[in-house]
Amino acid sequence: MLFYLFKRITSLIATLVVASLVVFTVIEVVPGDPASYMLGMNASEDTVQALKTELGLNQGRIPRYFGWVSGMLRGDFGTSYTYRTPVADMVSERLMVSLPLALSALTLAIVLAFPAGLLAASRRGGAVDSIVMAITQLGVAIPNFWFAMWLVLLFAIKWQWFSAGGFPGWDIGFWGGMKALTLPAIALALPQASILARVLRSSLLDVLNEDYVRTARAKGLTRRQALWRHALRNAMIPVLTIIGLQFSFLLAGAIIIENVFFLPGLGRLIFQSIAQRDLIVVESVIMLLVFAVVLVTFLVDIAYAWVDPRMRRGH
Amino acid sequence: MKFFTRSVTSLMLAAVFSGSALAAKTDITIGMALEPPNLDPTGGAAAAIDEVVYANIFEGLTRFGADGSVNPALASEWAIEEEGKRYVFTLQSGVKYHDGADFTAEDVKFSLDRARGEDSTNAQKGLFANITDVEVIDDTTVAVNLENPDGNLLFNLAWGDAIILDSASAETAATAPVGTGPFKFSNWVQGDRIDIERNPDYWGEAVALEKATFKFISEPTAAFAALMAGDVDAFPNYPAPENLPQLEADPRFSVVLGSTEGETILSMNNKSEALSDVRVRKAIAHAIDRQAIIDGAMFGYGTPIGSHFAPHHPSYLDLTGNSPFDQDAARALLKEAGVEGDLTLSLKLPPPAYARRGGEIIAAQLREVGIDTEIENVEWAQWLEQVFKGKDFDLTIVSHTEPLDIGIYARDDYYFQYDNPNFKELIGAFNVETDPEQRDVMLKQAQTMVSEDYVNGFLFQLAKTGVANNKIEGLWANQPTQANDLTGVSWTD
Amino acid sequence: MPLLTLTDVTVSIHGTPILKNLNTSLEAGQVMGVIGESGSGKSMTALAIMGLLPTGSTLTGRIQFDNLTLNELDEAARCTVCGDDIGMVFQEPMTALNPVHTIGQQVIECIRLHQSVSAKEAKAMAMDTLTRCGLPPDQFPLSRYPHELSGGQRQRVVIAMAVALKPKLLIADEPTTALDVTTQAEILDLLRSLQQENHMALMLISHDLAVVAGMADHVVIMKDGEIVEQGPIVPVFKELKHPYTQSLFKASDHVPEQLSVSERASARDRSVTDDASALLEVTNLVCEYPIARRGWFGKAGKFRAVDDVSFTVRAGESVGLVGESGCGKSTLTRAILGLMSAASGRIEVNGQNINEGISVLRHVQVVFQDPYGSFNPRHKVSRLVAEPLNVLDTQPTREQRHQQVTQMLESVGLHASDADKYIHEFSGGQRQRIAIARALIIRPALIVLDEAVSALDVSVRATVLDLLASLAASHGLAYLFISHDLSVVRNVTDRVLVMRAGKIVEQGNTLDVFNNPSHEYTQKLVASVPRLPDYTHASVNSF
Amino acid sequence: MASTTRKRFRNLVPGAFLVVLFFGAAIVSFFYTPFDVETLNIKQRMLTPNAVNWLGTDHFGRDILSMLMVGARTSLAVAFIAVGIGLLFGVPLGLMAASYRGGWIDEFIMRGNDLVFAFPALVIAIMITAVFGPGAVNAIIAIGIFNIPVFARLTRGASLSLWNREFIMAARVAGKNSARISIEHILPNITNLLIVQGTIQFSLGILAEAGLSYVGLGAQPPTPSWGRMLADSQTLTTIAPHLALFPGMVIVLTVLGLNLLGDGLRDWLDPRLRRER
């Protein structure tokens, strides 16, 4: 197991190194200069040069790459060109929105998907199954930002139960913060819940066809007992994979939803930073997201081993 | 993973401390479409910076009034000496910065020198180009010596880029601004809002508000919802004109239409192959139906203009008659220029709705007279790079929001590349002219010259569409500069 | 009163009849053997009794167990009977256990489901049962997971679950089919002893007459969902009244006609005299697989699947290669076909090294085990059969190709018109004929038969063996006959190689090796093969 | 048997119907649209559905039905070509990885896949459009890049299990090399899977195009696309909800149709189900 971990961590680091090179190279070719963006239309060329020197943009590529990487290793992500604040502070600030949003959307998705998937699988071919399948089919097809628009129109403008956007910060209290995240979380969760429910159902149906479920039934377990005690845990592997993917997706992929609800999350930070050519922020946030994806994949692998003893051997 | 643990712990803390602030009538929440990138008006061009700090946190020697007039601020009075080449300012005494430091003439020298210095990062460095030196006479007297006589100096010093900073706190102004204004900075929740609070030690007349919050909502639907829900009390520059009729119908709100300094123009690259021909530029001007653009892009809010000049300015001339909507004239001009039916122009559109929506309408209008356009939507950074610096464009739409900025047509190498020596001479003379009547005549000449050369397609003056709770008074109706001056704002009950 | 009675049991799935009017009964403590080929409905009968028919099935008639009518019970009631009074063992031990639960958990679950005992008592009972089933907890702790056990050990766990509560009836559906012959013997012994100890009734379902013959008191012979004959074993097997029973009996110990033992003896003599025609020569062959590095300092290890093997196949000779799963015979096959490279040693066909380009493949072709997996389902038979023509230097014309395919199909007993069909239109036996046609089309001197008849029902197997024998005679073919099934090898080969753990432990004349095994392992192997007793002289009243 | 046949076509028929409907609309739009989508008519803007403009008009007075028909071209073409890119690059990579299974080429391809998967797709799409400028072509590239590892992984996985099948060994014994086996034997046997995955990626592509256009990075004006119509209508939902309703519904129905078609094809093409049912 230890050796297995070592191997996984080595490949994790390799992925990160390659990813950092890719990110840095891509960012290098992005057209647009942060200094002239910041100074606007009336700035003179020497003012722009002065600012470039101040921001460290006049250094060579290689020292900048190593400066960036070694900074990240020390937890120093550099200073935002436009906001003039440490990137790490900004990112932690934004994570305070993105992380709870991703977590609550994922929780919501799981809470909706599990009963639906279990119910559909246990009543395969029945009315409940058909209804669940129809709803999830629709849920997968609806663009989440479009769904979000209607949520806003109904719940924020018509009934005014929730605010239409923005995030007041956690200092107004936990529930105040959560209230601002409710509609976005619902909009994000709907398609994810649909996908998850479908994966769970089909995975369960596959597992229910396995010989050991028949063995369990021959022992005298009812259909339902066999589902809960023997099928569910075995059906978890594809479900865990999807949950892992979804978490990474929700962390970064909420960009559009963050735009709709005007949430100060990581996605918007990237979006704004690209528009403002705040490249140091873009680089660092993308690396952070890549790190999150790789880390989640790693954790999912460990979760496999927890679910399935066959994986514990180290392959 | 320092920041990671920090955010988790603060998340938990946030969960523990839950309280809510009581709304009182000395609070106000102002909606703004864009969040400032930082809070140092001397180090960035973003209008949003001034919209938070101007006159609230930072003050300059002079300041703009609501009507656009230039009034005393930190300088209580001034004298013009040496035929307009030396200005001697008498400063307010007893002024302290928010951190308790004293405001002195040294700070004026520091600030102005910093703004015009070699390694200055001031976006409007040009404002100070005429200054030869700043001379501290005593603690409350400072003299500014000029190279040439300058009728614009007091006006220039009223800009947000010319505010006075303390040398001790200038470096951190971007994130923790310390000024002399009636409000001091208290909190910035990035991506959401900035809070400022009353400065009890303010040197001037005390303000009515205890606290003010600037809340950033760019999404028009969210802005609408925020107003409806009462999360925002006023939106001085409401981003979605399409919703204004609904808000106007609501008895809780009043919609205030004012003017801005934003001349919205279809800029043309006067040195591009096709557009160097004045007939083509004139054809384009005739092809444009200004009212359709104002209706289609701005939902009716905006004043048509015929030159690069704000209609509310006393020297304004209505020159829209130079380029009425006349498709036949446009086609005839194109034929004359020999590019009939065979002209494709690039049209680069920055993000604001006036540009994006207006661009689509202009593209359709130009197509009607036989000009094809290739629309490219660009972010501001790209716009600056490609259009403003690279001059790689035929057409673009942009709103020039600086006050009285017709002087840009005299600049060398400015992005639309007008380059007319007569006009340069005119502006040169205007800059050293101090007689108001002469200045008025010169401004009118300048407007006419620009209009008759069809330098750009002049579309409309951007309207200031403010929405505010009925019970708020004292907000600026017009926008002589980009600011949300809260000094005179109060609730009526 | 019998323990189990089936009265007019008829089952159909989505309207297709699967079981037709079954009537039979089983007394307490008796062993009933159910015999049938694939598709005869024997497994479905077991599932019908357990109430585990697939969804969409309808059952009519009556299944009486003790005083319960099983097919009328609701799920809850049925679940109290199943696993308690009736236990069941399935065919496939590799998949019959839940991979994520320990064997202890699975046995204990069975106990606690039906008896209200404490966890501790249940654990003691489980340990006891597993010990009785040959898995003493000191060697096989309850915390083992199924993947840590071999197939035979897993089948013992399945049996332990089934017998933990000393059921009155144990249904064993092909319990040894997936196991090696030596393991099969052990499992059959275990079942027999458990049946006698607990005085259980046992319903033993198998396709193998010999397995049933060694266990059952009473046999039921099924075909196409019907019972064609049933009764006490001795009269049924002795008298062979029903023609189907007769044919089963014949086929199960089939010796291809054209190659009787005496003929083979003379053929062997021919080949022995002709040493020069050594067709396949394997010399000191070693094949290895890398195994993943274990631990920090572990070397990237190698598993030696074939360990210093040497043998020869001469032209026209039929050589058998027997061994249990994992002995290395598949690896050896792959190496001979040039599908994997050897770590050391040589393989020569007609004096040409096997890895020297594709021309050597003109002399060797192969027939695989799985009649379903050995054809590309997307190609027509004509293309499938013609595929090996690829090894020729000059590709035949379309015309020639067509002609050769037709000829080959006819020579394996199919029609020329079959060339335009897809493979799924054929039965398993027909597919093996097509596979033989494919192997023959380039007229090789040697055909490797990799378990080529193992997946076929006995009657089909007999016809395929006949075909192989006649082709050997007509084309002068040599066969390398690789199989785990000793009885088939015994009947069709001249010489045999016995392989174990990568080495050939014994080789020689087939009859000599089988009748007089010299190596300990061969002796055990031969002894484990279930044999049909000779019923011709048995007394009908002997039971 | 009738009921099982019906079951088999339960997804296929409505799915195919929707897909044909929208593809048909896209094709018809080349010859005929009720109104010209390039002509603006500001005075007639934001009309609700009526006898002349069946689905109403947008904020520039264009006919929404005509816009949807023309927009279908962009949305479908972007998604379609993006799937094509995924197939064109992903399938050969997957086949190659499978034929060198265990070797360094396999390892290289799969690690490359992991790397692409590690990047948040939408962020990279934004980056690409930031580098090359927004537009339909760059949207295609952005979406297409993320289709490559999907198809590569699927192809490799499916091919690996085929490589162990006996018919592949038979082909090897017939002297065929890996490349030839990949094309003759592996590819035909994974076509079904690729078609099914292709329809799924197609539907995801439509959603992705809509998302990119929604944030302004997809097709550029005056080219209509469904996502852009949604983006344009976003600020107008309070006064003219139908502007957002119709494009959104068209996206939902197309994606739904493609998913149903994918499921239907899976059921229809799966020989296992064909035999059993």
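**Close-up views of a predicted model**

View 1. The expected span is 1.5 Å times one less than the number of residues, and helices are DSSP runs (H or I, at least four residues) numbered from the N terminus. Look at D:Leu187, where H8(D) bends by about 50°; the bend is the angle between axes fitted to the seven residues ending there and the seven starting there. A proline, D:Pro188, follows within four residues. Just after H8(D), D:Gly216 has a positive phi of about 85°.

A note on reading these views: this is a predicted model, in which local features need pLDDT of at least 70 and side-chain atom pairs count only at pLDDT 80 or more, while totals for chains, interfaces and linings use all residues. Residues are numbered from 1 along each chain as its sequence is written, and chains are lettered from A and ligands numbered from 1 in the order in which they are written.

View 2. The 14 residues of H14(C) (residues 398–411) should span 20 Å, and its end C-alpha atoms are 20 Å apart, which agrees. C:Gln404, C:Val405, C:Met408 and C:Leu409 are buried (20 or more other C-beta atoms within 10 Å of a residue's own; exposed means 12 or fewer). The face turned away from the buried side carries exposed C:Glu399 and C:Gln400. Helix H13 (381–386) and helix H15 (428–440) of chain C are among what covers the buried residues.

**View 3. Chain B meets chain A.** Here 51 residues of chain B are in contact with 59 residues of chain A (C-beta atoms, placed from the backbone, within 7 Å). Helices H1 (2–16), H5 (220–229) and H11 (380–389) of chain B each supply at least two residues of the side that touches chain A. The largest share, 9 residues, comes from H1(B).

**View 4. Chain A meets chain C.** In this view, 22 residues of chain A are in contact with 29 residues of chain C. H9(A) (211–219) and H10(A) (223–253) each give two or more residues to the side of chain A that touches chain C.

Notes: Contact = placed C-beta atoms within 7 Å.
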